[in-house]
Amino acid sequence: MIPVPSGVQVWLATGATDMRLGMPGLALKVQEALGRNPHTGDLFAFRGRRGDLLKVLWHDGLGMSLYAKRLEKGRFIWPSPAEGVVALSPAQLGYLLEGIDWRHPQRTWRPELAG
């Protein structure tokens, strides 16, 4: 799991991304396509065309990190390309990395009365 510090914004690059890109190529994509600075400490997530591979780019203040995750079964839930860039909370990123629909997570039941 990526150790996401509090206050960090998570950005999804909508549409499909060429998964052959490494850190420099994805950082350039963040800068040009998303219009953001890849060195601010925010997390930037990219999904491949098939939907089973995800890459997350993060600059922690000391250096750039690139995380990759491939689902053995299923696809990562991703917004449509028309939506541009989408902001997520760190909790929603956790759902996304687990292959859970981050847009409509199933809440657990909570009791209303104690007894």
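A: The five strands form an open sheet in the order E4-E3-E2-E1-E5, with mixed pairing. E4 and E5 (85-88) sit at the edges with a single partner strand each, so one side of each has no neighbour in the sheet. On average, neighbouring strands are turned by 25 degrees against each other, direction ignored. Keep in mind that this is a predicted model: local features need pLDDT of at least 70, side-chain atom pairs count only at pLDDT 80 or more, and totals for chains, interfaces and linings use all residues. Residues are numbered from 1 along each chain as its sequence is written, and side-chain values use heavy atoms, with hydrogens and water left out.

A few terms, then. Helices (H or I, at least four residues) and strands (E, at least two) are DSSP runs numbered from the N terminus, and two strands pair if DSSP finds at least two bridges between them. Axes are lines fitted to C-alpha atoms, for helices over the stretch in contact, with angles from 0 to 180 degrees between N-to-C directions.

E3 (residues 53-59) and E4 (residues 64-70) run antiparallel and are joined by seven bridges. Histidine 59 stands opposite methionine 64 in E4. Four residues lie between the strands of this hairpin, and glycine 61 takes a positive phi near 100 degrees there.

Helix H2 (residues 90-97) lies across E1, E2 (43-47), E3, E4 and E5, and runs at about 105 degrees to E5. The largest nonpolar core has 17 residues, of which Leu12, Leu43, Leu54, Leu88 and Leu96 touch the most other members. E1, E2, E3, E5 and H2 each supply at least two residues of this core. Such a core is a set of buried Ala, Val, Leu, Ile, Met, Phe, Trp, Tyr and Cys residues joined through side-chain atoms within 4.5 Å, where buried means under 20% relative accessible area (1.4 Å probe, protein chains only). Apart from it lies another core, of eleven residues, including Leu26, Ala27, Phe44 and Leu57.

Leaving out residues up to four places away in sequence, leucine 12 touches Ala45, Trp78, Pro79, Gly84, Val85, Val86, Leu88, Leu96 and Trp102, with contact meaning heavy atoms within 4.5 Å.

Conventions:
Buried < 20%, exposed > 50% of the residue type's maximum accessible area, 1.4 Å probe, protein only.
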